[in-house]
Each structure stands twice: as C-alpha cells, then as structure tokens.
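Visitor: Could you pick one part of this model and take me through it up close? I'd like to see how it is tied into what surrounds it.

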Amino acid sequence: MNIAVCLCQVPDSASVIGFADGALDRSRINEVMNPYDEYALEEAVCLKERIAGSLVTVFTVAPLSAKDMLRKALALGADRAVLVSAAEPSDPYFTALQLKSALMEFYEGILPDLVFCGKSSTDFQSAEVPSMLGALLGIASVSGVTSLNVSGEHLHLEREIEGGVEQIELHYPVVISAEKGLNQPRKTTVKAVMEARKKPIDLLAVSVDGAPLVLVSDFKALERKKVCRFAEDEKELVLLLSNECSLFSAD
Amino acid sequence: MTRFLVFLEQREGVLKKSSIDAWNRVQEIAALSAGAMVTGLIAGPVDRQPIGDLLAGDGVVYHANEELLRPYRQEFYTRLVTSLIKQESISALFFADSSLSRDLAPRLSVLLKASLLSGDLLFNRQGHPDGSFRPVYSGLATASFLPQRNITIYNLSPSRGMVTRSSADGTIQVLPIELHQQSSDNLLAEVRRIVLRQNSLDIAEAGIIVAGGRGMGSSAGFALLEELAALLGGAVGASRFAVDEGWRPHAEQIGQTGKTVAPQLYFACGVSGAPQHLAGVASSAIVVAINSDHDAPVFQVADFGIVGDVHLVLPKLIEALKEFLKKK
C-alpha cells in the first residue's frame, strides 16, 4: 500500500511574530514541523507497521532548508522523503495544486491509497488544503479525523462534530486530515536519527498552471487591549453584569 | 442583480442556530448593498420547525427534502450546492463556520474556482462583502484575505454575541430541489451515523460559556464550573492545558487547536490567557476573568474581572448569583 503524507513547516510556538514590508519577519522565527502533521505522520507509520508491504512517503513543498524536517520525518518512520521545489505557495489552492502535481509525478499517475495531511497549519490556519487536494485528485476527503481503523478494503473513521462524533465508512483512496486526538506521536530515538541519515531525500521540481483564488495581505501583529473593570467581590461582579449586560434581567 | 446563497445546515432534522444567524446577517448585508437577493439551501429533512418562521426577510429557500441527505454526505452535498450555484448564477455563498462547512467549502472552492474566505467580513465602499480578516499565526496576528475570482465562498465566524432573531418578518418561499443520483454513487464516502453526546450543550452554540484552565487544578475542580453553567443555562469550556491533562474532552476545547466561540457572556476561570486561547474567544460580547494573578494576560481582554483563587471565588459567585436570581 502506498501512503503519502503531506508536511509543512510553521514557526514554533516560541517564535516572535512580527512583520516587515508586509511579510513575516523571519529573522526571529524558528521553523518546525506543523503539529497537526505529526499526527498525520504517526498514523501513516502505524498503518505501515500493521499492513505488510506498505510504503510511507512524505512530501513537502518548501525551500531546501526544509530538509531538516524531512530528516526528522524519516527518523519518525517514513521510508522516503520528497522535497518539492516550486514557486512559493500563495494560497491554499495553489499549495493543493502543487501537492497534486507532486503526487501524480512521484507515483507516475497512479493514486496512492491514502494521503494524510494535518488538519490545518498553525501559521495560516486555513484548514483548506486537505479537502482541496481531495477535490483536485477526484477522491473523497475526510477532515479532522480523530479515529481510524482499517478492515480489508474498508476504512472506518471518526471525526468530531459540534456536540458529537460522525462515524464514516469508505473505500480507498482517500485524503485524511488528522485532528489532535488521533494518536500520540512517537519521539525520535538516536538510532532512528542515525538510520534516517541513510534514507534518501528526493528532489522533485513541479510547475503548476493556475492562478491563486485568494490574495492575503495586511498582516498586523495583534494588540488586544480592553480596560478591565475589577470587582471588589462577587456581589459587585453580579451587579456589574446585571447592569452592563441584559443577561440577568431580560428573562 | 447580486445574488447571495446561504447554506442552511440541519443536524438531525433541526436547523442550526448558527446557520439561521448567518441567514439573518446576510439579509442585513443584502438590504444595505442595494437590492441583493438572498436565497437559501437546505440539504436533508427538517422535522420540527416550519422553515419560514425561523428566517427573517424575503427570499426563496430551496429544500432538498431527501432522507439520503439527512446525514452529511460530502459528494452529494457538493453536487447539490454546485448545481444550484450554476442554476441561480450565485455570486456569493455563505456558510456558518462548522465541521461540515470546513469539510465541504474547500471542495466547492476547487470545483467552482471560487475564492474561499473565512473569518469576519470586509466590505467595499458600496457595502458589498469583499474579503475577510481573521487570526493567523496562532492568534498572534491578523491578516486580510481578498477574493480573486467572481464567485466567493464565505465561511463566517459566529457573530459577536450570536443572537438568533425569533420574530421573522417578510415572506420566505420554500421550493423543492432534487439531488440527481448517478450510477457511481455507491462508491462514495458514506456517513454511517452520528453519535451525539448526551446532555451537553455544544459550546459552539451556547450563549453563555463557563471555561476553566490550569487554575482549576483537576477534573474535580470543574464541578464548580458545571454548577455555574447549569445555573446560567450555559456550557462548560476548557483551555488546551485542561484538555491535555485529560480533565475535559477535546470537544470542549476553546482556542486555536479547539473551537472559536462567540457567546454573549464568557467566563474565563483560572485561564491565564495564552494568545492561542484568546484567539478563540475574541468575538465574545462580554468576557469575565477570574484569576489569582492580577497580571495574567486574560485581564487584557476581559471586560470584568476578579483577582482571586477560583476555588474561593466561584462558590461565592454561585451564591451571589443564586441570591440575585431569587430576588428577581
């Protein structure tokens, strides 16, 4: 079984987010694997361990500096890594187009059985690429998956919805976006890191026809300031709330 | 003539409040932007409510009243929406942000070559919706997103202090629409069933949310929040820390890796206020913070606050509220 995992890099949570000339100031940014992608990769590797003859290949559309992340993915259990060089993605649609081209090129036109993505990236937070990729590949996609079981030709999935859980059964091939809770990603070991150095990283160049659907602009670092009115005690708080908002009086 | 389409989501035969809210907001926008027409689409049966009574303004609502569409099915829903958009020459499609719209909207965007925008609306000088802005980088920044195509899809965040108007003025005409089945349909993703949690109000639809964080100390500490929520008819929410510790289920998590909420009243109890959490509550109408640290960032976004240990403050607050409600 061929399993593809799409990865991306995001600023780590300790990075200082600032903007210069309308773009992210990268000088104070440390990039790491998108946290949701770790769940995607872990699930792919777990499946490989259960289903004999499976091959996990990770893909990222990124500059050469993303090789470190790919090495980490290999140490976490991926078999092959592909660094896709292409124009810098400008919106989720363009990213999905590039991933589609890379998958078609790498697998020589035969769709992989499973494509895993993280639910969203923590930088742009669009959560659109996985479903877009599914539509471009002409296959089903399931977003925000929290549980996955395989039996024969069938996949049993669960995704969280408002107030409950949706249970879905479907066939291969499918694009799955991984939500927190799907699994507990493993840590790398020294041995795995050593072995990962021997695994190949392929370079693949793709060019994509298509204009972006959305233009992003006007970044602003967020300043949240309200003036908080502190209540001396609980009774005063209740009075403040009843005076300032109609909640406790309307009904 | 500008034509807007609002996707009205039903869950288990009931129209979702967030969808009705979106419809009513789009009606207001249409009224301001000189004569835009609002059309609705419902996929699946609606059991309990007469549709026209719930929606404000004038318009046509297309209703695909088929059992097959009761659960969300990606392929069928995609086909239904795309065919209606083409048939009615729709220029903008609106969703209320939900797990369904997050799954469906990106596919529609690809198939219709439509610009997909989420968050809060931006308007041009004529009062037409013309983009969106929303948090990026874990809630540490915001950005604007501008459409580049003729058809736009908006995935709307809940409006500030979401209120569903109960009185419906105007005339809503409900028309049937059919899903045309195809021979390949048995190959498609099949939602088997939906399992809803019992007795829990969904935080995404709650008017009052009582949320707890690290300061609650344990899962047992949340009993106080459940009591407060029950008293106010609200729902319990949790910070990422509380969920990671296993004190509460992920479904209750508010913030960047959880849900974005927009209640009338939000209590942040023992929540320090990481930017990721605050990004999820920014649309709340009123925020009340209770924290023992006077300098906790949560107070920077709070309207009202009490400095003190949640374990001491909450029981007194519950008492004070009971007292107040009794007098009323």
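**One arginine, then the contact between the chains**

Guide: Let's start at Arg186(A), which is partly exposed at 30% relative accessibility (buried means under 20% relative accessible area, exposed over 50%, partly exposed in between, with a 1.4 Å probe and protein chains only). Bear in mind that this is a predicted model, where local features need pLDDT of at least 70 and side-chain atom pairs count only at pLDDT 80 or more, while totals for chains, interfaces and linings use all residues. Residues are numbered from 1 along each chain as its sequence is written, chains are lettered from A and ligands numbered from 1 in the order in which they are written, and side-chain values use heavy atoms, with hydrogens and water left out.

Glu42(A) and Arg186(A) form a salt bridge, with the closest N and O atoms 3.0 Å apart (that is, a side-chain nitrogen of Lys or Arg within 4 Å of a carboxyl oxygen of Asp or Glu). Glu42(A) sits in helix α1 (residues 35-50) and Arg186(A) in the loop between β12 (174-178) and α5 (190-196), so the pair ties together parts 144 residues apart in sequence. Helices (H or I, at least four residues) and strands (E, at least two) are DSSP runs numbered from the N terminus.

For another pair inside chain A, look at Arg26(A) and Glu31(A), whose closest N and O atoms are 3.4 Å apart in a salt bridge. Arg26(A) is partly exposed at 48%, and so is Glu31(A) at 32%.

Stepping back, chain A has six helices and 15 strands, and 53% of its 251 residues count as buried. Among its contacts (heavy atoms within 4.5 Å) between residues at least 6 apart in sequence, 69% join residues at least 24 apart.

Now for chain B. The contact takes 74 residues from chain A and 85 from chain B, and about 7,100 Å² is buried between them, 57% of it from carbon and sulfur atoms. That area is the accessible area (1.4 Å probe) the two parts lose on being put together, summed over both.

Four salt bridges run between chain A and chain B. Among them, Glu162(A) meets Arg11(B), with the closest N and O atoms 3.4 Å apart; Glu162(A), Glu9(B), Arg11(B) and Lys16(B) are linked in a network. Asp303(B) and Lys226(A) meet at 3.0 Å, N to O. This pair crosses from the loop between β16 (286-291) and β17 of chain B to the loop between β14 and β15 of chain A. Lys226(A) is partly exposed at 33%.

Strands cross over too. β14(A) and β9(B) (residues 141-147) pair antiparallel over six bridges (pairing takes at least two DSSP bridges between strands), and Leu215(A) stands opposite Leu146(B) there. β15(A) runs parallel to β17(B) (residues 304-307), joined by two bridges, with Arg229(A) opposite Phe304(B). That puts β15(A) into an open, parallel sheet of six strands, ordered β15(A)-β17(B)-β16(B)-β15(B)-β13(B)-β14(B). Its edge strands are β15(A) and β14(B) (235-238), each pairing on one side only.
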